[in-house]
Amino acid sequence: MLTTAPTPPESQQATPLAVELDGVLARTDTLHEGLLRLLKRQPYLAPAVVGWSLRGPAFLRAEVARRVELDVTRLPYDEELLSRLSEERARGRRVVLVTEADRRVAEAVAAHLGLFDAVHTSDNPLSGPREEVRRSAPTRSLPRTLLKALRVHQWAKNVLVFVPLLAAHKALNASLLLQALLGFISFSLCASSVYVLNDLLDLDSDRKHPTKRKRPFAAGDLSVRAGLWLAPVLLGAGAAVALLLPREFLALLGTYYGITLAYSLYLKQVLMLDVLVLAGLYTVRIFGGSLAVGVPTSSWLFTFSMFLFLSLALVKRLSEVRRLRLTNESAAPGRGYVAGDYEQLAMLGVSSGYLSVLVLALYITSKEVTALYLHPERLWLLCPVMMYWVGRVWLLAHRGQVNEDPLVFALKDKVSYAVGLIAAGVLLAAT
């Protein structure tokens, strides 16, 4: 609930209602958001930012505001407070915006909301008696918000580190299983670090998206400052776990983090390169599992995974382009795709998915299979199973029923579980 400092009832109409911008009216800090946008667009200004900060907060705010224009129409405002201010002003009460933010930012917010009789910044402080609106208590539990920011559900992708162990038929080796588990934890912590950083850098585009605008940083449930601390802590924790594994795994983890960071900063905006990078990152997880347990992985598995994961990455892009069509938008913010790419994306994705089945068929006829399976001819049953699953995923995506990461979708899909059990049964029968 919103609270205010007590004021005698008879003087309320004469006493202005003062509202702070950062952290009260908007559940964010406009300076931190401005800095993020500035460093995302012009990272070479980082040394200059340090110099500005040494000259004082006011100078820093002015320099950032001069170079970055915040989209004040999409800031996470406190809707309950906006209603209260509207009611107070309708009663004839004077409502003023009080902030340490740069005047350009404050005046843009005031112009957008149309609720304030005056704007007072550090160069024009408000004097005299006032009633101040205090910061409202969080409406969501912090642990749940943190878990959402870390995107724990996306950790499911990292089960791919166990694939080399399963492919080598060594899943019952307790020592190797523990190493694979450590690899899973390390990848998950590093992935969450990237997710946090990605959400901080994507505040503008996320707030324009119908579902991503509910993410903790975009919605203001977690502060930008918290995110700037959380990202390096998660990365450090992931690296610490990786130190318990072979050095090659740590080197691969660093490569993975570097690629994902480059993807968040730039590569996801490049047409087709973004899905190739996503497919490569899935395959890197398999390679990481191989390095973690010291079990070599065949080139067949890498080739199969590249085609399959490219297909799944294209499913994700197809879902986004489909949303563009439904909302009559021409292009996705921060992406390289337009609404007219729908058919071409579908063609590329289905082709890639069925190429992965072809690779599987060629693997079944290779010499490597006879060394691992007593009845390799039974593996042919995997091909129709895979053709069914790939085709079904693409049909559902075409209908708009796959609106998230396809692997996350599969974890919620009963049919995918059934397909997985059938595939496991075929593998056991062939062993």
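1. Start with a crossing: helix 12 and helix 13 cross in a left-handed sense. The model is a predicted one. Helix 12 covers residues 247-265, and helix 13 covers residues 273-293. Their axes lie 10 Å apart, at an angle of about 165°. Helix 12 is therefore roughly antiparallel to helix 13, since angles over 145 degrees count that way.

2. Now the residues at that contact. Helix 12 brings Glu248, Phe249, Leu252, Tyr256, Ile259, Thr260 and Tyr263. From helix 13 come Asp274, Val277, Leu278, Leu281, Val284, Arg285, Phe287, Gly288, Leu291 and Ala292.

3. The axes of helix 8 and helix 12 come within 10 Å and cross at roughly 20°. An angle under 35 degrees counts as roughly parallel, so that is how helix 8 and helix 12 run to each other. Helix 8 passes helix 12 in a right-handed crossing.

4. Which residues of helix 8 meet helix 12? They are Gly183, Ser186, Phe187, Cys190, Ala191, Ser193, Val194, Leu197, Asn198 and Leu201. Facing them in helix 12 are Phe249, Leu253, Tyr256, Tyr257, Thr260, Leu261, Ser264 and Leu265. Look at Phe249, Tyr256 and Thr260 in the structure: they are listed in the contact with helix 8 and again in the contact with helix 13.

5. Leu178, Leu181 and Ile185 make a nonpolar patch on the surface. Together these three have about 240 Å² of accessible area.

6. Turn to the pair of helix 1 (residues 30-41) and helix 2 (residues 46-54). Their axes are 10 Å apart and the angle is about 150°. Helix 1 and helix 2 are therefore roughly antiparallel. Leu35, Leu38 and Leu39 of helix 1 meet Ala46, Val49 and Trp52 of helix 2.

7. Next, charges. Side chains of opposite charge can pair when their charged atoms come close. With a side-chain nitrogen of Lys or Arg within 4 Å of a carboxyl oxygen of Asp or Glu as the rule, the count is 26 salt bridges. One of them joins Asp204 and Arg37, with the closest N and O atoms 2.6 Å apart. Asp204 is in helix 9 and Arg37 in helix 1, so this pair ties together parts 167 residues apart in sequence.

8. Last, a loop residue. Where is Arg215 found? Arg215 is in the loop between helix 9 (203-207) and helix 10 (216-219). Setting aside neighbours within four places in sequence, Arg215 contacts Arg151, Asn198, Asp199 and Asp206. Arg215 and Lys148 are 67 residues apart in sequence, yet 7.5 Å apart in space, C-alpha to C-alpha.

Note on methods: Residues numbered from 1 in each chain as written. Predicted model: local features only at pLDDT ≥ 70, side-chain atom pairs only at ≥ 80, totals over all residues. Heavy atoms only, no water. Patch = residues over 30% accessible without salt bridge, like charges linked within 9 Å, V, L, I, M, F, W, Y side chains within 5 Å. Areas by Shrake-Rupley, 256 points an atom, 1.4 Å probe, with all protein chains shown as cover. Axes fitted to C-alpha atoms, helices over the stretch in contact; angles between N-to-C directions. Helix = DSSP H or I, 4+ residues; strand = E, 2+ residues; numbered from the N terminus. Parallel < 35°, antiparallel > 145°, perpendicular 65-115°, else oblique. Left-handed = near helix turned anticlockwise from the far one by under 90°. Contact = heavy atoms within 4.5 Å.
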